[in-house]
Amino acid sequence: MTRSLTVRAAAKINLHLGVGAPREDGFHPLDTVYQAVSLYDDLTAYAADDWSLTTAVAAHLGEVELPAAGDNIVDRVAELLCARRCDDGCRPTARVEVSKTIPVAGGMAGGSADAAAALVALDRLWDLRTPDSEMLALAAELGSDVPFSLIGGTARGVGRGELVTPTDDFGAWSWVVVPDDRGLSTPAVFRHFDALFPDASPEPAPAQPVLTALASGDPVALAAALHNDLEAAAVDLRPDLGDLLARGESEGALRGLVSGSGPTCVFLCESAEAARDVAASLASTRPVVLTAHGPVAGAHVVDTSPFPEN
Ligand SMILES: C[C@@](CO)(OP(=O)(O)O)[C@H](O)COP(=O)(O)OP(=O)(O)OC[C@H]1O[C@@H](n2ccc(N)nc2=O)[C@H](O)[C@@H]1O
Ligand SMILES: Nc1ncnc2c1ncn2[C@@H]1O[C@H](COP(=O)(O)OP(=O)(O)O)[C@@H](O)[C@H]1O
């Protein structure tokens, strides 16, 4: 029987996204608070003699173009892990299948989730036993959001978002998630932020109000503290998002927010029941409306077949 393992990784919401003026390397300094929420991609890696990758996107997310095998972030993970952790001259071999339910190019870090899942799965499949500190460093090379996708939960991110520290979170938070059938490009939204705010401070807005609200566990306090500096840029590029945010709030959400660089909009609700009600109201005019809760775990193994324990 072929050895295989499945790793699950979650989407994220930025509860706070403070963005400073661009650094010399072009990246923006961030002070952000990530929360992993219960929308997932599953990645299964099978032992094989060659390298192959297939991706499947959940039907409700519509017709979405993903980078072809060879250009996918999962290919980059395999190359990087092999180059840094395998013997000289080795090449990556596995058959990898990715099953996506995280909206693509939606500001929910779906590509980063797949990268984190691939790091965990291939490290285990190839028995590399990479130390956690090195896994986080490799994750940071792959993308600013990838270290958070590894650790999950609720965490503060600084630097360009790659330096993550878990934070206190005493709540069980209920979200409505409204994806969009057209993605927004993350670099384009950051560029539009620069155009709208040419005098932005080099220091991003501090995350303290959200950290205090998370420690209270009170949804009303968290709703008041939610903050996203990219929201103005995303809404300026896509004015319909502003209408959607207003509508969710008028339907009973405590607060609507663009998720990261958008275009997915998320709505914090008082309870799981309230989230179901808001979702039902929004579903009368939107093709896809989901509910989710957070925080949930980072990339973790959910199935092995048969796989010797070490
Ligand atoms: C905006 C955020 C908020 O969490 O997420 P998304 O909304 O895309 O999911 C992240 O900063 C996205 O992280 P990620 O998608 O991993 O970005 P990267 O691959 O590192 O960078 C993609 C591009 O985004 C811009 N970028 C990213 C991070 C950052 N701190 N400053 C930037 O200017 C740069 O143009 C960079 O070339
Ligand atoms: N495995 C993958 N899943 C999703 N997107 C991927 C993947 N590999 C590469 N990408 C590309 O990464 C870009 C960002 O996608 P994604 O991570 O879903 O969005 P966001 O950065 O807004 O959170 C898109 O252009 C997408 O086509």
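I began with lysine 12, which I found in strand β1 (residues 4-19); helices (H or I, at least four residues) and strands (E, at least two) are DSSP runs, numbered from the N terminus. The model is predicted: local features need pLDDT of at least 70, side-chain atom pairs count only at pLDDT 80 or more, and totals for chains, interfaces and linings use all residues. Residues are numbered from 1 along each chain as its sequence is written, with chains lettered from A and ligands numbered from 1 in the order in which they are written.

**Entry: the annotated pair**

I looked up the UniProt annotation "active site" (unreviewed entry), and the record covers Lys12 and Asp145. These residues span 134 residues in sequence, yet no two of their C-alpha atoms are more than 9.0 Å apart, so they gather at one spot. UniProt positions are given in the numbering used here, feature names are shortened, and annotations may be inferred rather than shown by experiment.

Is lysine 12 buried or exposed? I note that lysine 12 counts as buried because it has 32 C-beta neighbours inside 10 Å. The cut-offs are 20 or more other C-beta atoms within 10 Å for buried, 12 or fewer for exposed, and partly exposed in between, with C-beta atoms placed from the backbone. Leaving aside neighbours within four places in sequence, the contacts of lysine 12 include Tyr34, Gln35, Met108, Ala109, Asp145 and Phe148; a contact is a pair of residues whose C-beta atoms, placed from the backbone, lie within 7 Å.

I then placed aspartate 145 in the loop between α3 (132-142) and α4 (146-151). Aspartate 145 is buried too, with 28 other C-beta atoms within 10 Å. Not counting residues up to four places away in sequence, aspartate 145 touches Lys12, Ala109, Ser112 and Gly161.

**Entry: ligand 1**

Which residues come closest to ligand 1? Of the 19 residues that surround ligand 1, I list Gly107, Gly143, Ser144, Arg160 and Gly260 as the closest; a residue is near a molecule or strand if its C-beta atom, placed from the backbone, lies within 6 Å of it. Two or more residues each come from β1, β2 (30-46) and α5 (186-196), and α5 gives the most, with three. By class, I noted six nonpolar, eleven polar and two charged residues. Ala, Val, Leu, Ile, Met, Phe, Trp, Tyr, Cys and Pro count as nonpolar, Asp, Glu, Lys and Arg as charged, and the others, Gly among them, as polar. Domain 1 (4-167) and domain 2 (173-294) both contribute to the shell around ligand 1, so this ligand lies between them; the domain bounds come from an automatic or database domain assignment.

**Entry: ligand 2**

Around ligand 2 I found 19 residues, of which Ile73, Ala105, Gly110, Gly111 and Asp114 come nearest. The elements giving two or more residues are α1 (73-85) and α2 (110-125), and α2 has the largest share, four residues. The shell around ligand 2 has nine nonpolar, nine polar and one charged residues. Ligand 2 lies between domain 1 (4-167) and domain 2 (173-294), because both give residues to its shell.

**Entry: the wider chain**

UniProt lists residues 72-153 for "domain: GHMP kinase N-terminal" (unreviewed entry). I recorded this span as 56% helix and 9% strand, with its end C-alpha atoms 26 Å apart. The chain has ten helices and twelve strands, and buried residues make up 48% of its 310 residues.

Terms used: Contact = placed C-beta atoms within 7 Å.
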